[in-house]
Each structure stands twice: as structure tokens, then as C-alpha cells.
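Work through the exercises below with the model open. Each task is followed by a solution in steps.

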Amino acid sequence: MTEHDTETHPGRQGGYAAARLRLLTEERLTGPPLRAGLARATDSWLGELLGPAPGVALVAVGGYGRGELSPRSDLDVLLLHDGTTDAPGIAALADRVWYPVWDMGLALDHSVRTPAEARKAATSDLKVHLGLLDARHLAGDPALTAALRTTAYEDWRAQAPARLPELREQCEERARRQGELRFLLEPDLKEARGGLRDATALRAVAASWLADAPREGLEAARTLLLDTRDALHLATGRATDRLALQEQDQVAAALGLPDADALLRDVYRAAHTVSYAAEVTWREVGRVLRARSGRPRLRRIIGGRGGRGGFVTPERIPLAEGVVEQDGEAGLARTARPEHDPVLPLRAAAAAAQAGLPLSRHAVRRMTGAPPLPVPWPAEAREQLLTLLGAGEPAVAVWEALETEGIVSRLLPEWEHVRCRPQRNALHRWTVDRHLVETAVRAAALTRRVGRPDLLLLAALLHDIGKGRPGDHSETGAETARQVAARLGYGPDDTAVLATLVRHHLLLADTATRRDLGDPATVRAVTDAVGSAAVLELLHALTEADALATGPTAWTAWRASLVADLVRRAAAALDGRPVPPGPERSAPTAEQTVAADEARRTGAPVVVLRARPEGAGSDGPVGVELLIALPDRPGVLPAAAGVLALHRLRVRTAEIRAMGGPAGDERPVLLLTWRVAAEYGSPPGAARLREDLTRALDGSLDVAGRLAEREAAYRGRRRGVPHAPPRVSVAPGGSRDATVLEVRAQDAPGLLHRIGLALEDAGLWVRSAHVGTLGASAVDAFYVTGPGGGPLPPEEAARTAREVQESLGG
């Protein structure tokens, strides 16, 4: 702003600032009224800044052009001129507008162009062209703006066959980079797939006149995403589109929602609507462009079947009763009568999935008019559902097409409770509903391993159906599964099996990774729960499918081998055969024996390191296998864990076992087998670890003090994200020889050291330990005994668990 402008309009900038403040605070507007109010106030201000300017127009483009100004949105503005004013004059006009905007601290995306320059820029830059489609006149010569809009739309429609594929590729690249909004715990509301950018792209497709997006629910979904971004801007005071964890409760409260989970469910549903609309729209664009390519005319020339206008009518290939394939989609036959055929939605979905085809949106819309299925379901309906689930990967898109139109929730009312429900667990890559479908996809590949593939597929679809309800989701889900099975027409025996699978779907993985497989109580816990070899077989397949559908780290070769070993033992017990000895009861390896003999002879720790190549073995890229042997004495576990933490070695798995000496030798040696990964850099050598471990045991190395200093140094610099408090519990019936304490906590450096100290302070001896890390969560089991060498009495065990939990901050 020039000195002259400041003197002439001293209140211009202050008036706009006051208007913005009033809109954001005093009037407490939200949603579209707030965005429209901010746009109107900004329009008026910028118009005053420009003032009289013949041959010039000030034009809002992009989001501002649509009149959608969020509290921290950029101002996208074009100064358009007809070329009659000289360059210095145009520069002065631009300065008169731009500088006050910058002085206000507002982000400005600006350009100065003639109509010809704007048209040229749009031709070479897709982003510029998209912005011009939303051009809106602010001030100056309206004829210039009108001509610009007309040209932009004419060019867009003429160039659509070339530009729409470019736009689609941009959307797909953005999705690859940002992920899918409806499955992210900290989604980018603008850039992720299903976000605001995709909604804007759909407007551009509609403007091309080649295809149009499904309208139902799309504007409401876009409005919800905009409202969420507004609340995020106000909560953070920043122009951010990423809905970070620490902001979600505040944003939820601003939108009148009870909590962050409710917020994410609404956001996920909106993103689902946008994603589905985009999928349908781009499919239609591809069909139209293929039709324009000339191939239909070529088929007619060489003898194809003629249709209207000389084009070939797309062939209709029967897929099932009332279902046909046409032009790359599964649709309804002309004779189909959805209003009289309650099984048609399932039949069409199964046929589409088996053929690897998407369901036509028009067909899905028509099938919403199908009458409800009778209870119990007819056999055909049950068979079609299982056929759909057994189709594998193609079932996902088909299921989501039904879900988008509410058909799934009509068939399975329980589904609505898990639909778009977030999972605040780093291991899970999907929402609850999508995880269930993905589990069915994985189970479909395992159906040849089981005697009842139908029960496996249905258990996969329902195993987490109890999530989000009060109580244990496995118990709640089992009761829900009983209700669903009865509705589908299953008898009492099959219903009981299905409920057992849902109730115990975590049993094998939890037991195999957190229990001593050599303890008869471990195997008995499994056999008591499943009751038969047939159910054990199904549960094994369900466990694998569930883990594979969770995420890349949930099912590794190591976990698979532990579960398979447990299943082998349980199967032997159920068949009345001798149970094979567990790994803890098996003879030590030669390496362990040598290390134990050396530790017994010298009375000092023996440390052996073995590097593991990336991805080798069982549990992913764990950098080092570490074996520590040392004479049993108090403080071994916290000392060893503390030394590893000091060297920034994160414990991924750990096992502890006692190894007796030769006959008559009462000096047992502890064997600690660890799998560790360096947080960064290379792990230290064995000699350095052995030296520090010796110092930790004799008290010359203050492990606890060093770890506390490091924690204090970093605490102030870390951004605090709240985590659930630690939980320590007694596993009932976990072992007949020891008390099993389960510790669940947020994984952190030094956690195992603190657990070891707490167990030592409680006067417990750790007979064996099974330590595992699942994503950001540590899930550890400790077999402990009291001073007398036996399990703790129930009351003492419960008290000890509470004390250990309190010492960990729970």
C-alpha cells in the first residue's frame, strides 16, 4: 500500500480486521455461513483496495472463487487486465492490493495476467485451469471476468479427452502419496484420497460434460470435510489440513461431537462417500473416452451388431439369474425385478465378485428397492453371501458398493455399529468394517485347509463385530454372532461353533506369543476353549486371516511358527496323543550350553551377538539376536534390559529360561535370548555390552539414573500424545507351576528395565518371560514365583499385579 492510499483510507485495513474478528469470535458462525461471511468481507475489502480501475478486473479463483474461505485459507486472486494500461500502472495496482493482504498476515496466491496469458497458463498448467473453472468476479470490469470464465469452460470441454486422464493420474498419485483418508488416524483432509481435492476434481469432471458424479450425499460429505477443516484451523491457529491426534478432541467439541472417535467416524463416512463417487465417476469417464475412440465404429465396419446412431450396442453377457455383464460392469438384466426378488442384491454381488467386475451404480441403486429377506434366510441367500465372501479380493469393491447405498446394513443391521469405526492401534491399517471384509478376503484363500469353509468365512466377517460396544468385544461379538447365525438359518451346533470362533479369535495368537508352550496349562487352556479338532482347525485359519488383514507386522514367520506349534500340541491333546515337548522343555542348543558353561565357570556374564539380515527369519528386520548367559542372581532382568536401553537397543522379543548345572551342581544359569533393533546406527559389540552389564550388576553403573537423565532431557522436546495407562493383570489358569503376570503398556525405551525393577521390588523370581512388541504396544508375559518357588496365592497375585501397575504409572 502506498503512502497516499494509507492516508486516503486509514480505516480500510482496520475495518476488515475487525470484521474478520467479529465473524470468528462474536458472531460464532460455523459451517457454510462462516465461510460465506469471510468471503463476503474479503470481497468487499479487496474491492475497496482495487478502487476504480478501467480495463482491469480482480478475480477470485480456486476455493476463494467458490466462496469457501476457511479461517486460515489462502486467498487465490488473479489481477486480470486487458493490456491497455502500461506495465508500471499495472504494477502499482497490484501493489495496492497485494501489500495490505501481506500486512494482514494472510497467505496470498496471486498472479497478474491478460486474458490471453491466463488462457495460455491454463493450457500448460492443469492446476491453473482448474482454478479458473471457479473464477468469480470481485471488482473492476465484470466483462473481463465473464469472458475469462466463458473461455475457460469452452477450452475445458474441448480439451477434456486429453485433460481428464491427466487429472485422474494426479488424483491417483496424490492417493499413493497421502493414503486413503478414511483409513488414516491422522488424515490430511485435503490431499488424501476421498478428501477435498478429490471433491474438487469431481466438479471439474462435471464441468467437462463427459460424466457426472453421483450427487446423493456428495455435497453433504464435502461440507462436513470443510466444517472439520474450519474447526481445525480455529483449534490450531494455523493453516493446516492434517487432523493430528492431539487436535481431534478439541475439533470434535467444536463440532458438537462427543469425542474424537465420533469425529473420525463422521470424517471417514464423508471420505467414503467422496471416494465412491470418484471411483464411479472415473469409471464412467473411461467408458465414455473408450466409446469416443472409434473402436465401436470399427466393429460395425467389420460386421458388429449395429445399434442406435450406427454404434454397436454393448454386449450383455448373463452372469446369474437377473444379472448380466455389460461394458465392464455387472448390472441387472432387463427382466430383473428387484422389488420382487429379495435375494437379488446378494446374487448380483456374488456374481460380480466372482467375475471380478464392479457393480454398476445404477444396479445398486435399483436394488435398494428389494424387499427384506425372510427370517431365517432362504438357503440361496446364505449361499450367495458365502459366494461373495469367498471371491477374494474382488469382493472388497462389491461389498463397498452395497455398503455405500445402505444395503449391507439392511442385510446385517449389526454392521452399522462398526461401519467406519476407527481403530486406534498402530498395527491396524483399516477401520473395523474394512478390516472385517479384508479378513474374509484372506480367509477365502485358506478355505481349502478347513472342513467347514462356510463357517470360516462367516467368522472372518463377524470376528470383530462387537468392537465399540461395552465390555470385551470378543464376548459381545460372540453373542452377536449367535444372533446373526440364527437369522441366516444355521442350526444350534453350527451357531455354537461360530460363537466359539468369534469369542476366541485372539486365543491362539495371544497364547502362542505370551505363554510358555511347554507348560501343560497352556495347551489345556486352548483345548478347553475350542473343545474339538474341527474348531481348532477353523480357529487356526481364522487367526492367520485376522493377522494378515491387520497389517504387515501382525503376521510374521515367527508368530506363524509359534501358533502352528501351539496348534500341533493342542491337536495332539484333543486326539489323545502325547503332547510334544515345548521349546522350554527341549534340550538347550550347543551354543546355549557353551555359553552357560562359560558363565558358570567364570561367574561373569557371557554375551553372544548374531547379526540378522534384513527380513530374515521370522519377525521382520530385527538387527541382532543376543544371547546372555550369567549365574542366577537378583537384578539380572532389570540390569540386562537397562543396559540395552542405554545403548538404544529396542527389545522386540525376549525369552528367559533357567538352566541347571551338571548333576549335583546347584548353581543355575539364566539364559536370556533377545531380539533387538538399534534405534539408529549400529549396535555395540559384545565386549562393550558385557562390560556394561558387569558394571550394572555390581552397582558401578547407575542404569536407572542414566535412563532418568535421558528421559528428562528429551521430555520437554517431545510432543505429548496421550496414551492409555499401563495395565498389569494376572492370567487365570496360566500355569500350574507359576503365576503369569501380563503387562500391556506403550512401548518406550527402558520399559522392560522398569518392569524388571518392579518385579524385583515385589520379591518375585522371574522363571521365564515372553516379551513382544506389536506396533507401539508392548505385550509381555512373566512367569513368576514367590520366595518358596511356587505360584502366588490368588490374593497375593492380585495385590502384586496392582503394585507393579502402580510402579509403572498405571
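**Exercise 1. A helix crossing**

Which residues in H20 meet which residues in H26? Describe the crossing as well.

Solution. The model is predicted, so treat each value as computed from it.

Step 1. List the contact. On the H20 side stand His435, Glu438, Thr439, Arg442 and Ala443. On the H26 side stand Leu542, Ala545, Asp546, Leu548, Ala549 and Thr550.

Step 2. Sort by class. The contact of H20 with H26 has five nonpolar, three polar and three charged residues.

Step 3. Take the axes. Helix H20 covers residues 432-444 and helix H26 covers 533-550. Their axes come within 8 Å and cross at roughly 125°.

Step 4. Name the geometry. Angles of 65 to 115 degrees count as roughly perpendicular, and those over 145 as roughly antiparallel. H20 and H26 are therefore oblique to each other. Their crossing is right-handed.

**Exercise 2. Another partner for H26**

At what angle do H24 and H26 pack, and which residues make the contact?

Solution. 

Step 1. Helix H24 spans residues 507-514. H24 packs on H26 at an angle of about 80°, with the axes 8 Å apart.

Step 2. Leu507, Leu508 and Ala509 of H24 make the contact with Leu536, Leu539, His540 and Thr543 of H26.

Step 3. By class, the contact of H24 with H26 has five nonpolar, two polar and no charged residues.

**Exercise 3. The four-stranded sheet**

In what order do the four strands of the open sheet with mixed pairing stand? Find its edges and the helices across it.

Solution. 

Step 1. The order is E3-E2-E1-E4.

Step 2. Strand E3 (108-113) and strand E4 (136-140) are the edges. Each has a single partner strand, so one side of each lacks a neighbour in the sheet.

Step 3. Neighbouring strands of this sheet are turned by 25° against each other on average, direction ignored.

Step 4. Check one pairing. Strand E1 (residues 56-60) runs antiparallel to E4, and four bridges join them. Alanine 57 stands opposite glycine 140 in E4.

Step 5. Helix H3 (residues 31-50) lies across E1, strand E2 (75-81) and E4, at about 35° to E4. Helix H6 (residues 115-124) lies across E2 and E3, at about 120° to E3.

**Exercise 4. A loop residue**

Is threonine 114 buried or exposed? Locate its surroundings.

Solution. 

Step 1. Threonine 114 sits in the loop between E3 and H6.

Step 2. Its relative accessibility is 16%. The cut-off for buried is under 20%, so threonine 114 counts as buried.

Step 3. Leaving out residues up to four places away in sequence, threonine 114 touches Leu80, His81 and Gly83.

Step 4. Compare sequence and space. Threonine 114 and leucine 78 are 36 residues apart in sequence, and their C-alpha atoms are 9.8 Å apart.

**Exercise 5. Enclosed elements**

How many of the residues of strand E10 and of helix H21 are buried?

Solution. 

Step 1. In strand E10 (residues 649-659), eight of the 11 residues are buried, so E10 is largely enclosed by the rest of the structure.

Step 2. E10 runs antiparallel to strand E11 (residues 669-678), joined by 10 bridges. Arginine 657 stands opposite leucine 671 in E11.

Step 3. In helix H21 (residues 453-462), nine of the 10 residues are buried, so H21 is largely enclosed too. Among the buried residues are Asp454, Leu455 and Ala459.

Step 4. Of its 810 residues, 52% count as buried.

Conventions
Residues numbered from 1 in each chain as written. Predicted model: local features only at pLDDT ≥ 70, side-chain atom pairs only at ≥ 80, totals over all residues. Heavy atoms only, no water. Pairing = 2+ DSSP bridges. Helix = DSSP H or I, 4+ residues; strand = E, 2+ residues; numbered from the N terminus. Axes fitted to C-alpha atoms, helices over the stretch in contact; angles between N-to-C directions. Contact = heavy atoms within 4.5 Å. Parallel < 35°, antiparallel > 145°, perpendicular 65-115°, else oblique. Left-handed = near helix turned anticlockwise from the far one by under 90°. Nonpolar A, V, L, I, M, F, W, Y, C, P; charged D, E, K, R; others polar. Buried < 20%, exposed > 50% of the residue type's maximum accessible area, 1.4 Å probe, protein only.
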